[in-house]
Structure formats: structure tokens, C-alpha cells
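Thanks for coming. I will walk through one structure today, taking sheets, then spaces, then a few backbone details.

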Amino acid sequence: MKRRAETIFSRIGSGEPEGAPNSYAKEQVRFRAYPGSDLPIELSNAASNHFARVKSESQAGQRGQTVDAPWTSIGPSIALYPEILNRTAAPYVASGRISALAIEHHCGEGHCRLYVGAAGGGIWRTNNALDNTPSWTFISGSFATNAIGDITIDPTDPSGRTIYVGTGEPNASGDSGAGQGIYKSTDGGNSWTRLPGSDFANNRSISDVVIDPTNGNTIYVGTTRGVRGVSSSSGDTGNPPVGTVAPVGLYKSTDGGNTFSAIFLTLPITPGGFSEGTSRVALDPSNPAVVYVGAFGLGIFRSDPSDNGGAFQQVFYSEDNDGNPAHFDPFDRTAFAVTTKSGLTRMYVADGNGADIPNGPASQVWRNDNMNQPASTLASGNVNGSSWKNLTSSKVGDPGYATYNYCTGQCWYDNAIYTPKGHPDTVFVLGSYLYREQLGSGGNGLSNGRAVLRSTTAGAPDPDHNNRTFTDMIADAGTDPNNNGIHPDQHALVFLPDNPNVWFEGSDGGLMRSNGTYTDVSSQCAARGLTGDNLTACQRLLSAVPTQLTSLNNGLDTLQFQSFSINPKNPSKELLGGTQDNGTFLYEGSSVLWGQTIGGDGGQSGFNAANPDIRFHTYFAPQVDVNFQGTVTTGWDWVADRFFLPPAEGWSFYIPIIYDPNPASAGSIFAGLQGVWRTRDNGGPRAYLDQHCNEFTGDFKVLCGDFVELGSPTGLSDAHGNLTSTFFGSDRVGGVVNAIGRSPGDKSTLWAATTTGRVFVSKNADDVSNVPGADGSDVTYTRIDSTSAAAPNRVPTYIYVDAKNPNRAWISYSGYSARTPTTPGHIFEVRFNPNSGTATFTSIDGSLGDMPITSVVRDDPTGDFYASNDFGVLRLPKGSSTWQSAGTGMPMVEVCAVAISTKGRRLYAATHGRGGYVLQLPED
């Protein structure tokens, strides 16, 4: 596939995979904190507690008559990539992002129990992990959250049935959901109790739960930041949060989790007053009284009772923590693994930054064969000691090139290193994906992606095998390039206890297993046209790849959806849904099998109201494809070139974009950057787009797409169309457009809102001028938030326009009312008076509580409202001020957005970790 989107981003020097999610991480923090700069944990706690109360009171009948219909899962339990969309040209079954894995101490063909922690989808268990199609059981239904950080099997329980789960994903992304403490099971996950002392981790994320192997009552827990309020579109970038009530760091319990105390807090020692937290915790395998902890942005610290009284001291400085404040990167992540070799403690380190530092050092791997030295010898004065061996080289011809830049610019997100117990020379490095080296991604073929690397020589050159150091595990030994491959962005790995050649690996695309044997496929390198050092590097990397990789994702219903769009003519049998890093999927009525219709990060999507065979999807940023051929995978045409022409505007990670819901204007698409952009013909003439701009066959010799900015005299970015500019006032400037709405019964009115809380109405959004390349130049806006003292200075997340009255809409807001006490409220009825140019904002919160709302819709026939949030979906019956749970059976999961078909009587919930759900709506 040509991937015009990737070509665009190589030209402008931005975009995923190298660094874009970093901006998304900061963006999401700002999104919920705005107009403040921090995200106080007490507000998150209050929202969580209030939702639990609403749910309990609804079930008890204390909140009026409820909708008793159940939420029904619509899957997918099989999320299928077709061959043409997979980088290795082989079909692939995916699941959502995996953040944690644990395997029982004894594992064989007859019984092999594996636990999977899905980033937003809870804990899943199989007893037949060595089968080709394991059977999966969801076992965390009693948790107060399904965001997962870590799974630990208690080493002091010989049965292997005692398990600890740290909730909240610790991977520092914009959708790494916060958790609700630590859960414990003593029966292999059949039942759970929450550790009473784990309140310190509420609305934080947990990187590790570590049990002292000599005393099961001693527990160490590392915490990081987590986020709340992930919506289908997102706000502008901002600074990370400062310290809150429960600082991130390392906590310890000596009474089995009844109480915890902080023993290492990263916040006070972090330059700039910010810390993402502790990325890794481990005990010395020879002496569990020695504790190691990795701190984002800093490096590795150690507490050793024999060294300086057990105080935590630095033993490794991260690459950007060199003493120069200008180089400091708070998202630098230092991963490590400890083992023993020849009676000494050995440590492997994988370190890399968060792409904040221009031209900063690339990620590297290190080894120290004697950690039994004083901390002052290991590291001092922002300099690492001489016993640290750098295993990485930036020179392609050097053996150490194998690990160069392995996690690219997003090491904060996917960076890990593992060594199996009893095999100190075997080490695995996990990273992101080197697209520029992988053939299926348009690369030069030097490697298969280098996102999972294996060494059996402790990372040292192997003279018996062409001085290789690490080999590439990303693709197996199938026929090149039609082989099985591992999805980009790696997060977790476990080894088969009695055979570390067999391993299970978790990524953004789910779970893969190796078969335990390795094959030399280095002969493929010459066929790729490589010569010189590139050929040598490739031959080393491909000299021992997995003979076979197997996807184990059948039945893991954990996709992280951003939103759904509904086919207006077939609302019960066709949806499009964008997902985190798994593309956009097509639902055609089966709760089992959904097919991926396009890859990448899946943002918003939509159907042409008159001809639903015409539809669009988006990647991250303003990257838009249109398909005139319905479900034909190869029909996608790129239409987004004009968004990137100078002077290019800012945008959110997932832009708001809608088709006009009125069939009379069905070809119009409205997209939000800093202004609202419009196309009136689905992005351009079909024949022209199919010939030149098709993602698979286009020649891209022309400008693809005809979007123009509304209100701009040039059709490109201009103050008259830029809704964030001072042209529309000196207050609430900046940000980006975050929500757009239109009524299906109107041909002139458009609503839009920016991340700073500005709200606009245009009464001539369909006007067409005669200005070439700027046919929206006559469109005008009225800013209405400035006409009402009740309009919040917070981030609007969704606009639902009245189907019968285009001058009335309901707007949902993120953030917390405590941030804007003079303008409280999360859902407002807004009435616009076009004669006076003013509006009234009336909160319909009632008993909603102070919680971020990710979307709101109205069931027009009944007058009921439905609102999504971090914990599920709520309903406000017509005429009531008392919110209640919507339906029954929805798991505790973040819901990014709801989508409604009033004619089809269906409400869809796009969950961020448990796939899709549908609720049959009551008749009027």
C-alpha cells in the first residue's frame, strides 16, 4: 500500500510512529485538566466514587424507572486483518493493546495457564496457552476498572494460584487509563479482593507489583501517571501535570497489602517539578533486600542495606539526564532486567528518550556484569561508571547496530528488556518498529522491523555467527514477505518456564507465541537488493528468526475503539469503528468476525447519508481517506493534501470530522483543525481520485483532495476561518477545533467548538462562493460562548444538534467543574438566537456529578439523553434531573463515545478495551 499519509509525514517531519503519541499523551492530560495545568487526583477519585454510587442506586431502583434492556457485546472476538493490509502480506487476527503477561511456574502441553492484561480490557486467562487456538475467559468482571498495568504470580505460593494485579496502564500514552488500586486472587483468578491499603494507587497506574520471594507479606509497587476522560477526539497539547495528592513513586507494604508507605518518590527529585513516575521495579535475585527502581527521565536507583544505609542512590543515568537542563527529557524511559552470572548480579538496561529533544541520542542497550559495587562506582555526577558496557552502535556495519534506535522516538511508550531465569546470556529487547527498514512498510529491507530482538550471547558479538549480537524476532521464517509477523509497539513478554526458547509477546496488536525453534533466513537479504554494510547488518539480524509465530488473539475481545459511525440505511448491520493502532474495522452484523477495512491508527469515520457505499475514515491527525466502493478494501483514496499546505494549521491527534447528515448535502464533509474545512463532493471527483490518489494504486502526481477552510478568502488557513485566532476575540484563544455538529433536517447551520471552550454557530455553512479554491469564503460565524456567562472555559467533547431545531444543541464537556467553579456543568442545552446573535447555556447536569463526559446524544423520539464517560454510559430520562445507569451488563470500561440510530432504536458504545456494545432503545 502506498500510504500517502506516511509520505506526507515524512515530508513535514512529524507523525507516528516516531514520536506522535507523545504529543497525544500530553494532549490528553491537558484535555482533562484545562483550564488548569494539573490533574488533581482528588477530582478523579470523586468522579469514580460518584459513578459507582449512581450505578448502585440505579440497580436498587432509587433513581427512577430504568431501561432494563441489557447491553450486548457486538465484538469482535475475531478482528481480522486481510492479507493486503498486513505488513507481512499474511492474514492476521488482532486484539487490543496488551500491557501485562504472567505465566504459571509449571507449564506443559496438557495444562499451561497464561494470564493476559489488556491495556483497557481487563484480565483474561487461558489454561491451554500452547494450543494454536487457546480458549480465553474474562476474569476481572468484579474490578472497578479494566485498565491493567501488571500481573504478578506470588513466588511464595507453590500452587501458583495467588495472583496480584496492579490496575492502570503505565505506558505514558494519551489513552493509558488510570487504575483503582491492586487486586488479589488466591484461586487463580476465579475470585478477587482489593488490597485495602492500595488507595495510594487510585487514579494512578501501576508499573510493577513485586513480591519478596522470601516473605509474601512484603510487596513493592511502582506507580506512574494515568489518564481519565479519553474521548473520540482530543484536545490541544499542553504541559504535563505537576504533583498531586498521591505522588508517583515506589511504595512498600510489610503486612500483605493492608498498608503501604512511600519509600521512593520521583517528584521532588525531578528537574522541572514533573515526573511520569516509576517505570520498573525489581529485586536483586541474590538478595531481595536490594531494590532497584527505574524513574522516567532520570534512570535507575538502588536501595542496598550495605550501601549508604539503604538509601536510594543512582546507579544508572538515562541518556538525557546528563546534567544539562536543556537536554532533560521527562519521558525518557529506562527499562532494565537483573539476573546473576558467575556469582555476581548482572543488569541489562534499555534506555531511550521521548522525542522531546531535537537530535537527541537514539535508544541504546547496556550491560553491567557486576552490580555488586557501591552506587558511587556505578554512577556519579550524571556520568555512568566504566563497568557499564554499551552494546549499541550507530554504525550500520558494526555488530552493535542491531539495537540502535530500537524504540525510535517513543521509548516512553514501548521499551522493555527481559532475561529468562537461569539463562543470563539470553536477553530480549522490545521496542517500537523501524518502518524505514521493513519492506512491507516501504522500507529498504535491512531488517524486519527490529521491534523484538533476541541475543543468546549477552548482547556481545558472536564470532561463530558473523559477529551477530541480536537477531530480529518480528517475522517468522515463512516465505518472505508472506510470513507471520508481530504487530508494532511492544509492551510485555514472558517465557515458557522450562523452555525460554518459547515465548509469548504482547503488543498494540495483541498476543503472539513463538514455537521455540529458530531458522537462518539471511539468504533473503541479497534478494532485497542490499549491499555492503546494509547487507551485512541484514544477514546478522536474519540469521536466527522464529521458525513460526502464531497469533493467539482469537477470542480476546479487547479492541480499543475511538468511535463508531452508523450506516444510516442499515443501522443494525453496518458500522465503521476506528481503533487504537489497529486501524478501522467494519461491523456487518456478526459479534464474532469483523474485518479490518484500513490500517494505521483509526480515528473518526462516516457514511454518506444518501449513498452509504461512499464513506470516509481517518488516521491520526488530519489524514483522511474516502472510499467510493463500499466495503472494497482497495477503494480508499487519499483526500487530505490541502490540510498540509502552508500555512498549515494545528490539529488534534484524532480530528473531529463528520459527513453532513442531510441527504440533500450528502457529499459534504466537515473537518476540524483550527478552523472548519469543507468538501462538497466527498473530497473530489471519483475518477480523478481513483486514478491519482488511491492508497494502493495512485500515482500521487497531483494534489489530492479539495477541502477548503470555511470563512477563509484563500481556502487555506486564514484568521477569518481560524476559530482559535484573535479575529474572534482576545479571550480563549489558541487550541484546535474539537467538536462539530449539524442537524439532519437543516441545510445551513453548523456548530463548532474549540478546546479552549469557544463555541460557534454558522447559519450559512453551505454557502458556495465563486472564488476558485476558496468556495467557502462567504461562510461566516457567530461566536456564542462569549454571550453567556454560563459557558464553561473547558474542553467541549461533543455537539448533538436537535434534529428539528438547528438552533438548539447539547454540548458535553471534559474536565471538572471544580476547575471552573463559576461555570459548573458537563452537559449543556444551548439555544442560539440568530436574530440577536446570542445564546443561552443551561446545564442539564442535575445529579450527574463532577465527571468528564466524553459524548452526549439525545434519543429524539423519547427525549432521553445518553452520556458516555470513563466508567460506562449514563441516561437522563425525559423531564428528569436524575441521571441513572443506562441499561444493564455494561462492563466497567472507558467509553470514548456513543452513537445513536433513533430510527433503528439502537445505541452503540465504543469502548476503549472491550470492543463494541449495543443497547436496544425503548420505544416511545
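I will start with a term: buried means under 20% relative accessible area, exposed means over 50%, and partly exposed is in between, with a 1.4 Å probe and protein chains only. By that rule Asn 682 is buried, at 9% relative accessibility. Before going on, note that this is a predicted model, in which local features need pLDDT of at least 70, side-chain atom pairs count only at pLDDT 80 or more, and totals for chains, interfaces and linings use all residues. Residues are numbered from 1 along each chain as its sequence is written, and side-chain values use heavy atoms, with hydrogens and water left out.

Now the sheets. Helices (H or I, at least four residues) and strands (E, at least two) are DSSP runs, numbered from the N terminus, and two strands pair if DSSP finds at least two bridges between them.

Another open sheet has four strands, β26-β27-β28-β29 in order, with antiparallel pairing. Its edge strands, β26 (416–418) and β29 (471–472), each pair on one side only. Two bridges join β28 (residues 452–455) to β29, and in β29 the bridge partner of Arg 454 is Thr 471. Is Thr 471 buried or exposed? Thr 471 is buried, at a relative accessible area of 3%. A polar atom of the Thr 471 side chain lies 2.9 Å from the backbone oxygen of Ala 544.

Next, the spaces. On a 1 Å grid over the protein atoms alone, a cavity is a set of points where a 1.4 Å probe fits but cannot get out; a pocket is an open set with protein on both sides within 12 Å along at least five of seven lines; and lining residues have an atom within 4 Å of a point. Grid points are joined across faces, edges and corners, and a volume is the space filled by probe spheres set on the points. There are eight cavities of 30 Å³ or more. The second largest cavity has a volume of about 120 Å³. It is lined by 19 residues, and the closest to its centre are Gly 120, Thr 145, Asn 146, Ala 147 and Glu 894.

The second largest pocket has a volume of about 1,300 Å³. Of its 43 lining residues, the closest to the centre are Ile 566, Tyr 659, Pro 661, Tyr 798 and Ile 900. Elements giving two or more residues to this lining include β36 and β60 (895–901).

Last, the backbone. Most residues other than glycine have a negative phi, and most peptide bonds are trans. Gly 75 and Pro 76 are joined by a cis peptide bond, with omega about 10 degrees. Pro 646 and Pro 647 are also joined by a cis bond, with omega about 0 degrees. Asn 682 has a positive phi, near 60 degrees.

Conventions: Polar contact = N/O pair within 3.5 Å; in protein donor to acceptor, adjacent residues only side chain to side chain.
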